[in-house]
Amino acid sequence: MNSIFSKIISGQLSSFKIAEDNKHFAFLDINPNSIGHTLCVTKKQVDKFLDLTEDEYLDLMAFSRKVAKAIEKSVPCNRVSLSVIGLEVPHVHVHLIPVKNMDEATFKVKIKLSDKKMREIANLIKSNF
């Protein structure tokens, strides 16, 4: 069964796309911890990151690093944190979260942004990718 991320990748569901290559897709999280919170996913639906081959894992990390560098140039933050949790969606994904404090990294604090603001942020990060 296709995950929600597979539906985003295929275009069945809309997203605020940041970047993509032949194996990966990056888009803003619609329930962000902070401005610029981005998800990097594999186009191939795999449930757990430990189920990826070593090469697939390394490729995902390299793609995520490129996206994180673009976030760092685009969003004021102390650092871009990386988290791999994967409990809510059975599809490997990396959270890249621009943080100023630990609360933003805990997933306990969420922010609401308008579609217009999400589009602006996505375009800014995309321009720095």
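Reader: Which residues are exposed on the other side of α3?
Author: This is a predicted model, in which local features need pLDDT of at least 70, side-chain atom pairs count only at pLDDT 80 or more, and totals for chains, interfaces and linings use all residues. Residues are numbered from 1 along each chain as its sequence is written, and side-chain values use heavy atoms, with hydrogens and water left out. Helices (H or I, at least four residues) and strands (E, at least two) are DSSP runs numbered from the N terminus; buried means under 20% relative accessible area, exposed over 50%, and partly exposed in between (1.4 Å probe, protein chains only). On the other side of α3, the exposed residues are K116 and S127.

Reader: Within what arc do the buried residues of α3 fall, seen down its axis?
Author: M118, I121, A122 and I125 are the buried residues of α3. They line one face of the helix, because the arc (taken from the directions from the helix axis to the C-beta atoms) that holds them is 100°.

Reader: How far apart are the end C-alpha atoms of helix α2?
Author: Helix α2 covers residues 54-74, which is 21 residues. The expected span is 1.5 Å times one less than the number of residues, so α2 should span 30 Å. The model agrees, with the end C-alpha atoms of α2 apart by 30 Å.

Reader: Which exposed residues does α2 carry on the face turned away from its buried side?
Author: The buried residues of α2 are L60, F63, S64, V67, A68, A70, I71 and S74. They fall within an arc of 160° seen down the axis, so they line one face of α2. The face turned away from that buried side carries E54, D55, R65, K66 and K73.

Reader: Which helix do the buried residues of α2 pack against?
Author: Packing here rests on contact, meaning heavy atoms within 4.5 Å. The strands touched by the buried residues of α2 are β1, β2, β3, β4 and β5. Buried residues of α3 in turn pack against β1, β2, β3 and α2. The helix packed against the buried residues of α2 is α3.

Reader: What is the average twist from one strand to the next?
Author: Two strands pair if DSSP finds at least two bridges between them. Five strands form an open sheet in the order β1-β2-β3-β5-β4, with antiparallel pairing. Its edge strands, β1 and β4, each pair on one side only. From one strand to the next, the twist averages 20°.

Reader: Which residue is the bridge partner of L28 in β3?
Author: β2 and β3 run antiparallel and are joined by five bridges. Besides this pairing, L28 is in contact with residues including F16, I18, M118 and I125. In β3, the bridge partner of L28 is T38.

Reader: Why is β3 described as largely enclosed by the rest of the structure?
Author: Both faces of β3 are covered, with T38, C40 and T42 buried on one side and L39 and V41 on the other. β3 is largely enclosed because its buried residues number five of five.

Technical notes:
Axes fitted to C-alpha atoms, helices over the stretch in contact; angles between N-to-C directions. Lists of a residue's contacts leave out its neighbours within four places in sequence.
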